[in-house]
Amino acid sequence: MTGRGRARSRGRARRQEPGPPGVRPPQEAAAAPAPRPPPAEGRGRQRSTPAAVSSEDIVHISAGFHQMKLGERGGRRRDVHDEGVNTRQAIEHVKVSKSGASGSAIQLSANYFRIISRPEWVLYQYHVDYKPPMESRRLRSALLFHHDEALGSARSFDGAILFLPHKLHNKETVLLSETRHGEEVQITVTLTNELPPTSPVCLQFYNVILRRILRVLNMQQIGRNYYDPNDPLDIPQHSLTIWPGFSTAILQYEKSIMLNTDVSHKVLRSETVLDLMVNLRQKCGDQRFFEVCAKELIGVVVLTKYNNKTYRIDDIAWDHTPNNTFKKGAADISFKDYYKTQYALDITDGNQALLVSHVKRRGPAGAPPPGPAMLIPEFCYLTGMTDKMRADFHIMKDLSQHTRLSPEQREGRLTRFVTNIQQNADAQAELNTWGLSFDKRLLNVTGRVLPGERIYQGPSMYEYNTWTADWSREMRGVPLISSPALTNWLLFYTRRNLSEAQSLLQTLHRVTGPLGIRVERAVMIEYEDHQESLFSALQYNVGQHTQIVVVVLPSNRKDKYDSVKKYLCVDCPTPSQCVLARTLSKPQALMTVATKIALQMACKMGGELWSVEIPLKQLMVVGIDCYHDTASGKRSIGALVASLNQGMTRWYSKCVLQDRGQEIMDGLKMALIGALRDFVKFNNCLPLRIIIYRDGVGDGMLQSVVDYEVPQIIESVRCMRQDYLPKLTVVVVKKRISARFFGYINGKVTNPPPGTVIDTEVTRPEWYDFYIVSQAVRQGSVSPTHYNVVYDTSGLKPDHMQRLTYKLCHMYFNWQGIIRVPAPCQYAHKLAFLVGQSIHKVPSMHLDDYLFYL
């Protein structure tokens, strides 16, 4: 294949995806300067009206993907499955086997279906050339498809590359066609490649075929997943609608090519953006409307139902209305007339401001990106849940009845999905033409259940119920490993919450004795129920000898909580504990609440609650996570938490604030060096072994972790001493995955027990990876966590790596049970979340050795 042919096969010669009015076609974008982005405060300043694509390019279905071919999935599209990142080959001790051995075997099924192809299946790739050259992709397709007899009916063509399930007689086939105007065109079809089923191009091709089948089933694409708008689940009492759907991906797994599919739900709100804007204007008045509206809408994802496409609102063009015009071809047309003629939609409010969405899709190589899309608020439906809705117990309860599926329900829905494909004649015809089919049953896989851990707490040792993965009952009345005496602490309360504050104080004295925490009476300080009074009381009373501050908050107003945390984490570094008065108002739950508060207070002052046996000596475990702070100009907060002792009970915590686009390890290099120095203070030596769990790695980011972050980590370690070469392991942790596993007990479909490890069949052959189901859930289907060891010089056996990872899931002090990820990852998440949500500044270095953010 020529260089040009390779470039085209990667997607450079492709038809541009249709867009909404306001998006420049790439040819125009190349000729005209890119529009100036509107300023950040939310008022659009774009004076020249952006142009639009031609009406024939506007489509009504599935976000413009109904014509999608393989060439459109080329090099520019981010690979969300991280294909081609081969890390296992560099890790010597797992080249032959990456499977563990400990634990008892368990038979499971997984949400994977094998792809079955006919024997000796090959995909034939051809390059298609036109003489004279044809610019229009539609015309190229029409001219080529006149030759059904020569090519056959099964084909996939992206304008330059043709895929066929059979081989043509000659390596080069010349065809003659004629345009409507009588112009003769010579088409040369040249064989360039014979692709086996496992080739990356074939895997992409399988996914294209699958998307065609989903459209045959009348499902529509929103984002990456497909949903069924014809089977909505309405929740009228909350003005919500749920579209059921599926996430799908066909990839090469350990032994075979398989379809991984999981149930997905899209929550749509019945109100439009215009409805929200009208309500906001009524609530806050004209003076604050622009500011409040921009804060509420910018960053929100909306759905335009006329083409079922989602957009992220990046700005609001207050000086644009539906009466503004844009270029459609050579003529000007108003947005109002465009929607009337194109979609038969009438715009009722001619004065509504337009929404701006910066289109991410790129034009041809070297051309500027297309201009922003201008959207009509009246036609944009809000998607997803607001924080207020998530905090509403009744809304979440009603939603969970439809979305939180039991293992039996989930397995049934997945099986019906594949059955529907097999029973649909059109879908089967499409598969048969390519010689493909799906297995009818979920994949059977053998997992292993790791033995439960012993919990060491103070002088005692106990075991827990491995099915519930919880030891809150077992730890009652058992002294902690260590806890500082609480002799100088403050309790802030309002006058109306005096009784709750006194009840908390009395109950704390009752529960702390058996836990081995010595607590003297707090200094009680009353404050008025407004933010200024609370802030003044903190400033006046908190001193350098104050051990901890407890604040009883009368309501869950975020600004009050934020002011407490900001002052006590940055300006006057002191551990703090906030508790809602409503939480203390239920006498029957007060003992449980007070116990949890006492444990949190002990942690925040440097106490050690419990431990598990960690056989590795001089080991430092590190957790890294990040949070994107939209309130502070989309900055990223990177957090690093590192263990400081053998029992994994003391931790060093540090976070950094970075601008958007900056690599997270740029700032965390110094944090890692700080952790190593702190380890020396605690142990009088550097660690011999460092294991880093990197959470917060998005889809398609694995290559940057391997190429950029790992070398940065190695460089940071070498900064300690030139001859310092500890054994280093870097593990990427992913929670947002589609894999699900189902167990069977007495013939009933259940969740696998906590401690279930899966390291065969559904793992990737090019990775050193495994899944662990570590936690227990009372409702719905349990979600496994995926671990991918991308760098390893430790030589730890896979079995030991899995056991250690599971042990660390026991060490999160804010929950008396096993959690979904290793403790340092969850600590890093909590730190990054606190800074991103409430503080927006780097906490004081005086708090580095405390879990002040729990």
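Where does Arg155 lie? In this predicted model, Arg155 is found in the loop that runs between α4 (148–151) and β4 (156–157). Setting aside neighbours within four places in sequence, the contacts of Arg155 are Phe145, Asp148, Leu162, Phe163, Leu164, Arg212 and Trp434.

The chain holds 20 helices and 38 strands. Among its 854 residues, 55% count as buried. Of the contacts in the chain with a separation of 6 or more, 73% are between residues 24 or more positions apart.

Helix α11 shows how burial can be arranged around a helix. This helix spans residues 425–433, and its buried residues are Ala427, Gln428 and Leu431. Why do they sit on the same side of α11? They cover an arc of only 95° around the axis, which places them on the same side of the helix.

Just after the helix comes Gly435, which takes a positive phi of about 70°.

A pair of helices comes next. Two packed helices are described by the angle between their axes and the distance between the axes. Helix α17 (residues 664–683) packs against helix α18 (residues 702–718) at an angle of about 30°, and their axes are 9 Å apart. That angle makes α17 roughly parallel to α18, because angles under 35 degrees are given this label. The crossing of the two helices, α17 and α18, is right-handed. On the α17 side, the residues that meet α18 are Ile664, Met665, Asp666, Lys669, Leu672, Ile673 and Leu676. Their partners in α18 are Tyr708, Glu709, Gln712, Ile713, Glu715, Ser716 and Val717.

Some backbone features also stand out for a reader learning to inspect a model. Most residues other than glycine have a negative phi, and most peptide bonds are trans. Asn684, in the loop between α17 and β32 (689–694), has a positive phi near 60° although this residue is not a glycine. Asn684 counts as exposed, with 71% relative accessibility. Ala469 is another residue other than glycine with a positive phi, near 55°. Ala469 belongs to the loop between β24 (460–462) and β25 (489–493). Is Ala469 buried or exposed? With a relative accessible area of 3%, Ala469 is buried. Finally, the peptide bond that joins Lys131 and Pro132 is cis, with omega at about 0°. Pro132 is placed in the loop between β3 (123–131) and α3 (137–144).

Two further buried residues complete the tour. Leu276 lies in helix α6 (residues 273–297) and is buried, with a relative accessible area of 12%. The C-alpha atoms of Leu276 and Tyr381 are separated by 9.9 Å, while the two residues are 105 residues apart along the chain. Apart from its neighbours within four places in sequence, Leu276 is in contact with Glu271, Glu296, Leu297 and Leu382. Asp848 is located in the segment after α20 (823–839). Its relative accessibility is 9%, so Asp848 counts as buried. Not counting residues up to four places away in sequence, Asp848 touches Trp651, Tyr652, Ser653 and Lys654.

Terms used: Residues are numbered from 1 along each chain as its sequence is written. This is a predicted model: local features need pLDDT of at least 70, side-chain atom pairs count only at pLDDT 80 or more; totals for chains, interfaces and linings use all residues. Side-chain values use heavy atoms; hydrogens and water are left out. Buried means under 20% relative accessible area, exposed over 50%, partly exposed in between (1.4 Å probe, protein chains only). Helices (H or I, at least four residues) and strands (E, at least two) are DSSP runs, numbered from the N terminus. The arc is that of the directions from the helix axis to the C-beta atoms. Axes are lines fitted to C-alpha atoms, for helices over the stretch in contact, and angles run from 0 to 180 degrees between N-to-C directions. Angles under 35 degrees count as roughly parallel, over 145 as roughly antiparallel, 65 to 115 as roughly perpendicular and the rest as oblique. A crossing is left-handed if the near helix is turned anticlockwise from the far one by less than a right angle, and right-handed if clockwise. Contact means heavy atoms within 4.5 Å.
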